[in-house]
Amino acid sequence: MKKILIIGAKGMLGQELVKVFKSDKDYKVIGWDKSDIDITREKEVDKKIGIIKPEVIINAAAYNAVDKCEESKKEFELAKKVNGLAPGYLAKATKKQKAILVHYSSDYVFDGDFEKILAREPQGCTHSCATCGLHNNQELGFCEDDQSNPINKYGETKLRGEKEVAKNIKNYYLIRTSKIFGKPSKTEGAKKSFFEVMLAAGKKNKEVKAVDEETSCFTYAPDLAKKTKEIIDAQKPYGIYHVTNSGSPTWFEACQELYKLAKIKTKVTPVSGDEFPRPAARPFYSVLVNTKLNPLRDWKEALKEYLKNKK
Ligand SMILES: NC(=O)c1ccc[n+]([C@@H]2O[C@H](COP(=O)([O-])OP(=O)(O)OC[C@H]3O[C@@H](n4cnc5c(N)ncnc54)[C@H](OP(=O)(O)O)[C@@H]3O)[C@@H](O)[C@H]2O)c1
């Protein structure tokens, strides 16, 4: 039986990871959240992990308040500790146990420069025309090995975390994901997903506005949890993976689909990002291209299941 430690076990993703691994008798699952371990304390991390000696450690703990850490120096300091330094402490403790570390990062480590993506030659193309089939079929977005270049403070902290993991351990899976949705967590810092927020707004208003930009992929937490287990069980090569549901809508397109599926009559008006000023800049286009794994199902299918499970 494999002993697996899931940190951030009460978070939106963490609770699904606990469920998925508990359903397999080959795993003994230990789930810890902030009351069990503070990952920003290096000695505590080393000591507590040293006592239970897991073979796999999954870190689903994070600081996720993108705008708060842009505005407040104190919050940014906290984000740097949780997202930036703590993954390094976990990596060192995991290495000491000769275990495997799984850590999550974000599409926000990329700048979202769409022009740069468009200008890139597709894999296999030997000339620079834009007419061959390869150009038409290529999936536009950021691949696993693309240059990161965050444009907000949250993205900077997630990138630091990626670097700390890579610096301190070889046996790691770094899974980048984006726009997670699922059952909300019940923890102190719980953040509502976009769909949760828009469902509430749709029930209260006759019209809502949604940004018709920031194209990226949604990720259903139970699908990400299952794919994480598949990666571990298949003993995939260590390194970076991109895991999101297939399809890449803007916020506006996603909201339209949500209301259609939930039979909400509220009108959705598309607006530009400028009409919704938020403290942190968002990448204009941050689709994560997955070149290593079988793709997850389409986000619309996952959204249907999410709505069915909410009833
Ligand atoms: N949510 C998204 O849209 C999104 C997008 C891209 C990437 N990601 C990444 O995906 C992963 C999972 O995200 P999620 O949305 O499931 O996160 P989440 O729901 O916010 O859960 C994170 C958990 O970590 C806990 N935590 C915070 N600080 C901690 C500390 N110092 N020590 C121990 N635990 C601590 C939180 O507790 P409290 O709530 O009590 O603080 C919470 O239970 C993260 O790495 C995140 O950065 C998320």
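This is a predicted model: local features need pLDDT of at least 70, side-chain atom pairs count only at pLDDT 80 or more; totals for chains, interfaces and linings use all residues.

Q: What covers the buried residues of helix 1?
A: Burial is judged by counting neighbours: a residue is buried if 20 or more other C-beta atoms lie within 10 Å of its own, exposed if 12 or fewer, and partly exposed in between, with C-beta atoms placed from the backbone. Helices (H or I, at least four residues) and strands (E, at least two) are DSSP runs, numbered from the N terminus. Two residues are in contact if their C-beta atoms, placed from the backbone, lie within 7 Å. Here the cover of the buried residues of helix 1 includes strand 1, strand 2 (27-32), strand 3, strand 6 (180-181) and helix 9. The buried residues themselves are Met12, Leu13, Gly14, Gln15, Glu16, Leu17, Val18 and Phe21. Because 8 of its 11 residues are buried, helix 1 is largely enclosed by the rest of the structure.

Q: Which helix gives the most to the shell around the ligand?
A: A residue is near a molecule if its C-beta atom, placed from the backbone, lies within 6 Å of it. Helix 1 (12-22) gives the most, with 3 residues, and strand 4 (100-106) also supplies at least two. Of the 30 residues around the ligand, Gly11, Leu13, Ala62, Thr187 and Gly189 come nearest.

Q: How is strand 3 paired, and which way do its residues point?
A: Two strands pair if DSSP finds at least two bridges between them. Strand 3 is joined in parallel by 4 bridges to strand 1 (residues 2-7), and 4 bridges join strand 3 to strand 4, also in parallel. Isoleucine 7 stands opposite asparagine 59, and valine 56 has isoleucine 100 of strand 4 as its bridge partner. Within strand 3 (residues 56-59), Val56 and Ile58 point one way and Ile57 and Asn59 the other, and all are buried.

Q: Where do the buried residues of helix 10 lie around its axis?
A: The buried residues of helix 10 are Trp251, Ala254, Cys255 and Leu258. Seen down the axis, they fall within an arc of 100° (taken from the directions from the helix axis to the C-beta atoms), so they line one face of helix 10. Their cover includes helix 8 (194-204), strand 7 (207-211), strand 10 (267-271) and helix 11 (299-310).

Q: Which residues have a positive phi, and where are they found?
A: Most residues other than glycine have a negative phi. Lysine 98 has a phi near 55°, a positive value, and is found in the loop between helix 4 (73-96) and strand 4. With 9 C-beta neighbours inside 10 Å, lysine 98 counts as exposed. Glutamine 235 has a positive phi of about 50°, and its place is in the loop between helix 9 (221-233) and strand 9 (239-242). Lysine 263, which follows helix 10, has a positive phi near 55°.

Q: Is leucine 159 buried or exposed?
A: Leucine 159 counts as buried, with 20 C-beta neighbours inside 10 Å. Its place is in helix 7 (residues 153-168). Leaving aside neighbours within four places in sequence, leucine 159 is in contact with Val109, Ser148 and Pro150.

Definitions and conventions. Residues are numbered from 1 along each chain as its sequence is written.
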